[in-house]
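Colleague: I'd like to learn how to read a structure like this one. Could you walk me through it, one feature at a time?

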Amino acid sequence: MSTPSKIYDRKNPFLATIKERYSLCNPGSKKNTYHLVLDLKDSGISYAVGDSVAIFPQHDVELVDQTLQILNASGDEIVFDKRAQETLPLRTFLTTKAAITTVSRKLYTETAARQLDADKKAQLDYFLQSENQPLLKSYLEEHGLWEFLEEHQEVQWDLQELCNCLMPLLPRFYSIASSMKAVGEEMHLTVALPHTLTDEQIKRGVCTHYLCHLAPLNESVVPLYVQAHHGFTTPENIHAPMIMIGPGTGIAPFRAFMQERMAQNAPGKNWLFFGEWHRAHNFFYEGYWRDLEAKGNLRLDAAFSRDQEQKIYVQHLLLEKGAEVFEWLQNGAILFVCGDAHQMAKDVEKTLKQIVSTHGKLDEAETEKYLKTLKSEKRYLRDVY
């Protein structure tokens, strides 16, 4: 576990400046991912490669205005934040303190109890039945506060009472994409903008939208603190080989890893598996990887899922190179996986088992034992979300 600066924490974040922000995607891309450079000058903050940063976002003023309109409020009304034990204007509370792009279970349950419209109450109660918990979870995640309040305008709320029912606006965590040995008092991030179209309205990621579009450049306004890693970092043995699997924004910590190893003049071999949609549009940091490759410091394999009819992902490349992957593992390589926990990480582990079983000539039980040993030796490390 690393030991970053303890000066700043959740209750006392540092206000950082975004000094640089640009798209990593070439024109024509159907999605967008940004590179951000945060200025930490004179903060005293230190971080290790593999650490993440917690950032407190703000809501888009448009969403706050929609919420205030439904509440028939000006935003100047004073409310009490029970968690922070402070009074502040309602607009400030909704912008910086409360989660308004989702509906809290407490608000939903209280609304169900108060709703006098029989049909609407029946629908609310239906989702509260134990067998319908997955439906309720999806509903809460997919509805903004303003939508829910508008749908149930029959229910009247005292503003303070409503605020007490809202969930806090929590910090979002991002893998740090830089090494201080290479960038000094800066912190680099790789931030993807998810856009989901629901009911003809674009749902944006709260913090990604804040960082990429709302937060002004060159102003000390981005609240953050460093979250220490728990072993997901470059090996102490600079001779140890590394296999890094990081599709999409999962590439971020491995940029930091390679900056660190280059600063250390580490002789250990490095192998990167990267995946995205299109080589022409979404090959993040391609110039950096190609430079390392040309100097013999990196082996690079990249999968671009939508460049051909049959989708190709990082796990397909792993399987294709299975004999060499197993040889690297046998020679002490540490395997890192960063990115999506829901599908990618599971597919990679399934492929890894297939590689170990095939090239190690092991049965199912022996394969499980092999992976368990890798994990216990801290040679199979994951940072998934």
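**Salt bridges and a sheet**

Modeller: Let's begin with charge pairs: the count comes to 20 salt bridges, a salt bridge being a side-chain nitrogen of Lys or Arg within 4 Å of a carboxyl oxygen of Asp or Glu. Please keep in mind that this is a predicted model, where local features need pLDDT of at least 70, side-chain atom pairs count only at pLDDT 80 or more, and totals for chains, interfaces and linings use all residues. Residues are numbered from 1 along each chain as its sequence is written, and side-chain values use heavy atoms, with hydrogens and water left out.

Colleague: Which side chain meets Arg-114 in a salt bridge?

Modeller: That of Glu-161, at 2.6 Å from N to O. Arg-114 lies in helix 3 (residues 105-114) and Glu-161 in helix 7 (residues 159-164), so the pair ties together parts 47 residues apart in sequence. Helices here are DSSP runs of H or I with at least four residues, strands are runs of E with at least two, and both are numbered from the N terminus.

Colleague: Which residues are linked in a network of salt bridges?

Modeller: Arg-299, Asp-301, Lys-321 and Glu-324. Within it, the side chains of Glu-324 and Arg-299 meet at 2.9 Å, N to O. This pair links distant parts of the chain, with Glu-324 in helix 14 (residues 322-330) and Arg-299 in strand 13 (residues 299-304), 25 residues apart.

Colleague: Now the sheet: how do strands pair in general?

Modeller: Strands of a sheet pair through backbone hydrogen bonds, either parallel or antiparallel. The rule used here is that two strands pair if DSSP finds at least two bridges between them. In this model, six strands form an open sheet in the order 6-3-10-1-2-7, with antiparallel pairing. Its edge strands, strand 6 (172-175) and strand 7 (186-193), each pair on one side only.

Colleague: How many bridges join strand 3 and strand 6?

Modeller: Four, in the antiparallel sense, with strand 3 covering residues 52-55. To find the spot on screen, look for Ser-52, which stands opposite Ser-175 in strand 6.
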